[in-house]
Amino acid sequence: PAGMATPALTTIARGKVSLALIITTITAVLCPFTIPFLIKHYVGTQMAVSVTDMLFMLGKIIFIPFVVAIIVRKFAKEFIEKTKDYYSAFSIILIMPLIMGPLAKNSHYILNNAEKIFPILAYLFVVSAVLHFIGWIMVFWLNKKEKIAVSVTTAYFNNSLAIVFAAKFFGPLVVLAVILYEIPWDLMLIPFKMITKRISEK
């Protein structure tokens with residue numbers, strides 16, 4: 001699914017935020033059903049992954065926080081308004097153990113295969129660029145702001161979910177790759193915004 005930060009990233013890139021929010025919500029709701037299907041279809045013959053376990057884990061990660069967020073938003077509007085300026089910093093603090101846990105668990109493999117980091121990272125920058133491009137051209141009939149929203153929601157997927165998912169169901173190489181994607185995730189918006197600025201409005 002698209003990352004929960006994509007509406008904010010779309011704002012920075014001057015895209016249509018409402019469209020980014022719709023895509024983020026829809027992909028989050030659908031992912032407990034689409035991810036098990038894709039895993040079973042593409043790698044089911046290579047690894048034993050329980051669809052039930054995946055559904056249960058995705059439900060815990062997506063649906064429970066979603067329901068809690070709705071309840072809190074309804075009954076604590078005043079508190080949210082007073083504290084919202086701290087949420088970005090708090091989110092970063094929460095992400096740290098999410099990354100550190102899988103890194104620690106797979107540290108032996110990572111330290112013994114450090115030479116793989118830079119080729120993987122170079123590959124991931126290419127993947128990020130391709131995802132931006134795919135997101136842009138697959139909605140060629142939309143206006144510029146809508147294309148930006150789709151491109152952002154395509155390239156900036158929910159990497160926190162991907163890290164948890166990789167740590168539970170895949171090996172250390174996949175965990176390393178998903179964690180390394182945080183780097184293009186953080187940096188690629190800069191050239192994307194520069195390029196889209198030069199593109200004339202439809």
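Is Phe157 buried, exposed or partly exposed? In this predicted model, Phe157 has a relative accessible area of 27% and is therefore partly exposed.

**View 1. The stacked pair of Phe157 and Tyr181.** The ring centres of Phe157 and Tyr181 lie 4.7 Å apart with the planes at 15°, so the pair counts as stacked. Phe157 sits in the loop between α8 and α9 (159–169), and Tyr181 in the loop between α10 and α11 (182–187). The two residues are 24 apart, and their pair links distant parts of the chain. Tyr181 has a relative accessibility of 2% and so counts as buried, whereas Phe157 is partly exposed.

**View 2. The edge-to-face pair of Phe140 and Trp141.** The structure holds 4 aromatic pairs. In the one formed by Phe140 and Trp141, the distance is 5.2 Å centre to centre and the angle between the planes is 90°. Phe140 and Trp141 are both exposed.

**View 3. The largest nonpolar core.** This core has 19 residues, and Val152, Tyr156, Leu189 and Phe192 have the most contacts inside it. Two or more residues each come from α7 (117–137), α8 (144–155), α10 (172–180) and α12 (189–198). The most come from α7, which gives 5 residues.

**View 4. The surroundings of Val152.** Leaving aside residues up to four places away in sequence, Val152 touches Thr6, Leu9, Thr10, Ala13, Leu189 and Phe192. Another core lies apart from the largest one and has 10 residues, including Ala28, Cys31, Met57 and Phe165.

Terms used:
Residues are numbered from 1 along each chain as its sequence is written. This is a predicted model: local features need pLDDT of at least 70, side-chain atom pairs count only at pLDDT 80 or more; totals for chains, interfaces and linings use all residues. Side-chain values use heavy atoms; hydrogens and water are left out. A nonpolar core is a set of buried Ala, Val, Leu, Ile, Met, Phe, Trp, Tyr and Cys residues joined through side-chain atoms within 4.5 Å. Buried means under 20% relative accessible area, exposed over 50%, partly exposed in between (1.4 Å probe, protein chains only). Helices (H or I, at least four residues) and strands (E, at least two) are DSSP runs, numbered from the N terminus. Contact means heavy atoms within 4.5 Å. Rings of Phe, Tyr and Trp (its six-membered ring) pair if their centres lie within 6.5 Å; planes under 30 degrees apart count as stacked, over 60 as edge-to-face and the rest as tilted.
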